[in-house]
Amino acid sequence: MRLRFIAAALFSVFFQSSFSQTNNATEKRIQELIKKMTLKEKVGMLHGNSKFYTEEIKHLGIPEWALSDGPHGVRAEMNRHNWKYTGQTDDSSTCFPPGTAMAASWNLELAKQRGIVLGEEARFRKKDVLLGPGINIIRSPLCGRNFEYLSEDPFLISQLSINYIKALQTQDVAACVKHFVANNQEENRFVVDVTMSERALREIYLPGFKASIVDAGALGVMGAYNKFRGSYCTENDYLGRTLLRDEFKFKGVYMSDWDAVHSTEKAALAGLDLEMGTEKENYNDWYFADPLIKAVKEGRIKESVVDEKVANILRVMIKTKVLDPKTRIKGSINTKEHQQAAYRSAVEAVVLLKNEKQILPLNMSTIKSVAIIGDNATRTHCGGGFSSEIKALYEVTPLQAMTTKYEKSMRINFAQGYEKQSHVVERSSDGQLNTDKVDWKLIEEAVAQAKKSDVAIVFAGLNHDFDSESFDRLHMRLPYGQETLIQEVAKANPKTIVVIIAGSPLELAGIESRVPAVVWGWYGGMEAGNAVVDILSGKEFPSGKLPFTIPVTLSQSPAHALGAYPGHDLKVNYEEDILVGYRWFDTKGIEPQYPFGYGLSYTSFEISNVSSNKKAYGVNDEITVKFNIKNTGKTDGAEVVQLYAGQTTSSVLRPKKELKAFDKIFLKPGEQKTVDLKVKVKDLAFYDEKTSDWKIEPGQFVLYTATSAENIVSTLNVTIQ
């Protein structure tokens with residue numbers, strides 16, 4: 001609990017003063033430093049001088065700036081001038097479950113804890129900027145980076161990001177929220193030109209970034225690789241100036257993704273501050289190096305533009321005490337508290353999808369033998385996925401956890417079940433080709449173990465040959481003949497439990513009907529095995545909820561139903577518009593395999609006496625929905641209650657309902673709590689393209705109290721005047 005106490009204490013400090021966007025003393029200090037710099041020194045601060053560092057200015061006490069990948073752990077040390085690791089023995093770190101798993105917990109307290117742990121570890125490793133969180137919308141089930149991102153829903157993304165970023169930045173580390181904007185596929189990511197309506201941009205793709213900057217005070221934003229409406233994100237005036245600087249009042253550093261800069265003048269004038277990772281051997285040849293000095297000397301760019309960029313970097317350095325090292329947090333790494341936070345994060349992410357006849361939790365005192373089947377029972381995942389790969393201090397696999405905890409009390413019969421046939425080929429999806437081979441020898445071995453065991457647990461799913469930066473998945477099916485494996489094991493042992501290890505939606509119809517229990521375990525970080533085994537045994541209870549919709553087939557998913565992925569001629573138009581994820585399924589009346597927000601429990605809950613504080617509201621009012629929730633079962637549990645809102649009649653197409661509030665409520669058997677969920681009337685607005693502003697049309701709205709996008713507990717009609 002030490003971590004929770006620290007989180008509360010630091011948050012109070014944070015809110016008082018630390019990260020107000022600007023103050024006079026800081027601005028005066030910045031200007032005094034800039035006056036003492038030569039043009040060459042200024043420009044030296046605006047581009048990398050190695051893979052993850054920028055130039056120091058020794059005589060002014062400005063050290064080199066250290067950046068690190070790290071949405072769910074601080075990445076191991078890389079060589080200065082190539083992509084190889086240094087091979088140090090002291091750069092292991094705590095590895096959390098990645099983004100989709102963080103979102104599956106629906107727990108803002110855990111997001112804060114993650115921020116504090118990663119901040120402490122970044123500081124211990126002498127890092128100044130942690131590149132994350134990745135908050136792009138999960139638009140297609142196939143996007144290779146879905147596992148790193150959070151959700152298909154902008155409100156859920158926003159709430160998690162605010163809490164994570166605020167906590168991280170209390171540790172004198174800058175967050176860098178990414179990838180701005182519309183990086184929703186890896187296919188052709190360096191060149192694809194994304195177009196969408198202004199309304200879709202404002203309602204779906206921008207809210208997470210706006211919340212991260214305006215509400216959380218994120219100190220860094222990373223520009224995406226792709227083009228947006230015809231120009232690269234890093235040289236897009238609308239993104240870098242109109243939105244970031246003018247509307248969001250962003251005073252931090254707008255940096256490029258690695259090798260995402262394509263020009264000097266365009267990028268400089270569009271508001272980009274820092275160029276990183278350009279694939280040119282001589283750092284002086286980079287766009288923001290000698291070519292920028294030349295552009296200033298020739299009068300094509302004013303030196304004041306350079307000064308603005310230097311000021312943005314210095315502002316972040318001062319806020320994170322880079323220039324005041326004696327007052328800076330020193331940090332810590334791989335502590336017991338850090339490992340416990342990673343464990344809690346993994347436990348609360350686990351989603352129970354199916355539990356026929358309450359086969360789970362398993363009664364470990366009566367089981368004499370268990371078959372552990374599947375390549376994912378022994379595979380580690382922290383070290384994959386390219387920019388999100390972590391050198392974990394340790395990583396517990398499901399088989400290791402099962403063996404450590406239960407080998408003395410039961411026989412553990414392991415079988416590999418299926419073989420990984422994929423391999424990463426030059427950062428392309430080609431390694432996923434021909435991965436549907438059914439290996440009957442491995443299946444027969446698995447069936448033999450299942451037959452002689454009381455229970456069979458199949459650890460199935462994906463790995464980072466599928467869930468990865470740089471390429472998308474080729475399909476939504478279980479690879480390596482796993483469907484056949486599961487069907488055969490289930491025939492041999494009716495008590496077969498399937499645990500899915502993956503970060504993106506999968507087709508589950510072929511197995512769901514054949515087994516009594518399905519558990520979604522995600523990539524669980526360093527404590528993955530312990531977390532999932534403790535859930536299966538009942539030592540912990542499942543409380544995760546899906547942060548995305550799982551379709552029955554890929555063709556149900558909006559971008560694919562409309563043929564709007566991956567685009568044509570390196571252009572993609574988001575034809576589904578605002579109907580992303582559950583908004584599409586809801587509005588079109590399509591039934592998915594599992595809805596957004598879905599997850600079962602080992603106990604049962606009763607929600608009653610749902611009421612709103614008024615029946616009619618004005619534009620400046622806040623709606624409060626109050627209800628009682630009771631644990632009516634026999635074990636501890638937690639329910640995530642979700643509040644959705646929809647407008648009955650509107651002048652524009654609106655989704656049937658949209659998530660507006662949620663709370664995760666922990667209850668002991670028989671315990672009851674009264675809960676308030678609040679939503680501002682202003683947050684019921686839609687973006688009106690005619691007036692280029694947010695609009696609330698008066699009329700009737702429906703408030704849905706729910707435990708998933710499909711399971712509606714109560715509806716309340718209210719009037720907005």
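**Walking through the fold**

Trainee: Where does D172 lie?

Mentor: D172 lies in the loop between α6 (154-169) and β3 (174-180). Helices (H or I, at least four residues) and strands (E, at least two) are DSSP runs, numbered from the N terminus.

Trainee: What am I looking at, and how is it numbered?

Mentor: This is a predicted model: local features need pLDDT of at least 70, side-chain atom pairs count only at pLDDT 80 or more, and totals for chains, interfaces and linings use all residues. Residues are numbered from 1 along each chain as its sequence is written, and side-chain values use heavy atoms, with hydrogens and water left out.

Trainee: Back to D172. Buried or exposed?

Mentor: D172 counts as buried because its relative accessibility is 2%. Buried means under 20% relative accessible area, exposed over 50%, partly exposed in between (1.4 Å probe, protein chains only).

Trainee: What about the phi of D172?

Mentor: Positive, about 65°, although D172 is not a glycine. Most residues other than glycine have a negative phi.

Trainee: And N609: what is its phi, and where is it found?

Mentor: Phi of N609 is near 55°, also a positive value in a residue other than glycine. N609 is found in strand β16 (residues 605-612). N609 counts as exposed, because its relative accessibility is 58%.

Trainee: New topic. Which peptide bonds are cis?

Mentor: One runs from G132 to P133, with omega near 5°. P133 sits in strand β2 (residues 129-134). Another joins Y565 and P566, with omega about -5°. P566 is in the loop between α19 (558-561) and β15 (571-573).

Trainee: Zoom out. How many helices and strands?

Mentor: The protein chain has 20 helices and 25 strands. Of its 721 residues, 65% count as buried.

Trainee: Why does its radius of gyration agree with a compact globule?

Mentor: Because a compact globule of 721 residues would have a radius of gyration near 27 Å, and the protein chain has 25 Å. The radius is taken over C-alpha atoms, and the globule rule is 2.2 Å times the number of residues to the power 0.38.

Trainee: Which strands does β14 pair with?

Mentor: Strand β9 (residues 351-355) joins β14 through four bridges, running antiparallel. Strand β13 (residues 496-501) also has four bridges to β14, but runs parallel. Two strands pair if DSSP finds at least two bridges between them. L352 stands opposite V519, and I500 stands opposite W520.

Trainee: Which way do the β14 side chains point?

Mentor: A517 and V519 point one way, V518 and W520 the other, and all are buried. In a regular strand the side chains alternate between the two faces of the sheet.

Trainee: What is the order of the open five-strand sheet?

Mentor: The order is β17-β25-β24-β19-β20, with mixed pairing. The edge strands are β17 (616-617) and β20 (658-667), each pairing on one side only. Strands β19 (residues 637-647) and β24 (residues 699-706) run antiparallel, joined by six bridges. A645 has L703 in β24 as its bridge partner.

Trainee: Last one, M276. Where is it, and what does it touch?

Mentor: M276 is in the loop between α10 (265-269) and α11 (290-297). M276 is buried, with a relative accessible area of 0%. Not counting residues up to four places away in sequence, M276 touches several residues, including F52, Y53, W258 and W286. Contact means heavy atoms within 4.5 Å. S256 is 20 residues from M276 in sequence and 5.9 Å away in space, C-alpha to C-alpha.
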